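Work through the exercises below with the sequence and the model in view. Each task is followed by a solution in steps.

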Amino acid sequence: MIIKKIKFENYTVFENISIEFGTGINVIIGENGTGKTHLLKALYSACQSVDPKISFPHKLVLTMLPDDYKISRLITRRQGNHSAMIRITAGEKESSQDRVLTASFHGKTKKWEAEVTGESGWEDSFSGVSSIFIPAKEILSHSYNLSAATEKNNVRFDDTYLDIINAAKIDISVGRNNTTKEAMLKRIQEMTHGTVWYDEKRDEFYLKSGNSKQEFNLIAEGIRKMALLWQLVKNGTLENGSILFWDEPEANINPTYLSIIVEMLLELQRRGVQVFISTHDYMIASYFEVKKSLEDSIVFHSLSRNGNDNNIQYEKTDRFADLKNNPIITAFNKLLDEIYDL
């Protein structure tokens with residue numbers, strides 16, 4: 001499954017926008033409030049709905065968590081806006097026949113009962129496709145009884161957190177690891193100094209090194225995030241044809257590890273994983289340009305606000321430096337000017 005494009009009409013911060021994606025790595029940048037995470041969650045919800053048991057608009061509500069679970073609250077808050085639409089196009093890499101999934105809703109739509117079209121074809125074509133969303137905040141250290149507590153409304157976490165915990169618990173891989181996979185796992189282990197171990201009885205994750213194990217909550221958050229990546233590679237979640245969404249992979253990560261994260265993502269893309277990341281980090285965006293090969297597919301997307309009407313504008317390019325609206329480079333250049341002034 002390859003996500004090819006998405007169109008928003010009056011959805012959260014997006015009044016009318018179409019975005020086309022690359023088949024490999026898609027790097028999304030933009031200032032706070034330009035809809036990066038909203039975009040990733042919409043795509044992720046659509047990917048999750050390949051399962052007949054999961055409804056696209058219901059999953060969207062569970063990842064966005066609007067008040068009272070009303071999808072109508074996701075309509076752009078502007079006078080005259082009474083309805084919204086999300087349209088996502090996807091297909092197989094070797095096929096020209098695409099599938100389109102659409103969700104439409106209005107101000108009087110009850111709960112998540114949006115009008116959905118293309119659902120049966122979407123499920124038939126992409127059944128079994130694996131997708132995962134890694135939130136900006138690490139969550140495995142809070143896994144104990146989190147799903148049960150959420151179901152009882154004792155705590156409130158959106159579904160991206162619950163899904164990542166469940167994905168880390170289940171081993172869906174079969175047979176021996178291939179050489180590339182083993183190399184990736186070994187590289188991550190060099191940073192984490194251990195492997196992930198899930199204690200089913202205690203419902204807790206540990207970092208295991210030799211015969212000793214350490215509670216996840218006692219480990220630095222950056223190490224926990226890398227350990228999560230190790231677990232997803234190890235257990236078969238990130239295999240050919242799967243889709244990875246990662247919101248701010250640089251959060252709480254030692255800058256020394258950023259180049260390794262980029263190398264891991266490039267390798268996953270070479271193994272047939274489509275990747276979507278949002279970032280504010282100059283180094284991680286630049287490393288993609290430094291480390292990519294001619295065969296790698298990397299597209300940079302920029303979301304920005306129009307100064308006149310505050311609408312979200314969009315542009316894309318194959319080179320990070322070619323983005324006209326690039327707040328990361330703007331901030332970096334400003335810092336360099338201040339350094340030179342000293």
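**Exercise 1.** State which elements cover the buried residues of α3.

Solution. Step 1: helix α3 spans residues 119–126, and its buried residues are G121, W122, E123 and F126. Buried means under 20% relative accessible area, exposed over 50%, and partly exposed in between, with a 1.4 Å probe and protein chains only. Helices (H or I, at least four residues) and strands (E, at least two) are DSSP runs numbered from the N terminus. Step 2: the cover over these residues includes α1 (36–48), β4 (83–91) and β5 (98–106), where contact means heavy atoms within 4.5 Å. Step 3: just after α3, G128 has a positive phi of about 90 degrees.

The model is predicted: local features need pLDDT of at least 70, side-chain atom pairs count only at pLDDT 80 or more, and totals for chains, interfaces and linings use all residues. Residues are numbered from 1 along each chain as its sequence is written, and side-chain values use heavy atoms, leaving out hydrogens and water.

**Exercise 2.** Describe the overall build of the protein.

Solution. Step 1: count 10 helices and 14 strands. Step 2: the radius of gyration is 20 Å, close to the 20 Å from the globule rule for 342 residues, so the protein is as compact as a globular protein of that length. This radius is taken over C-alpha atoms, and the rule is 2.2 Å times the number of residues to the power 0.38. Step 3: 52% of the 342 residues count as buried.

**Exercise 3.** What share of contacts between residues at least 6 apart in sequence joins residues at least 24 apart?

Solution. The share is 67%.
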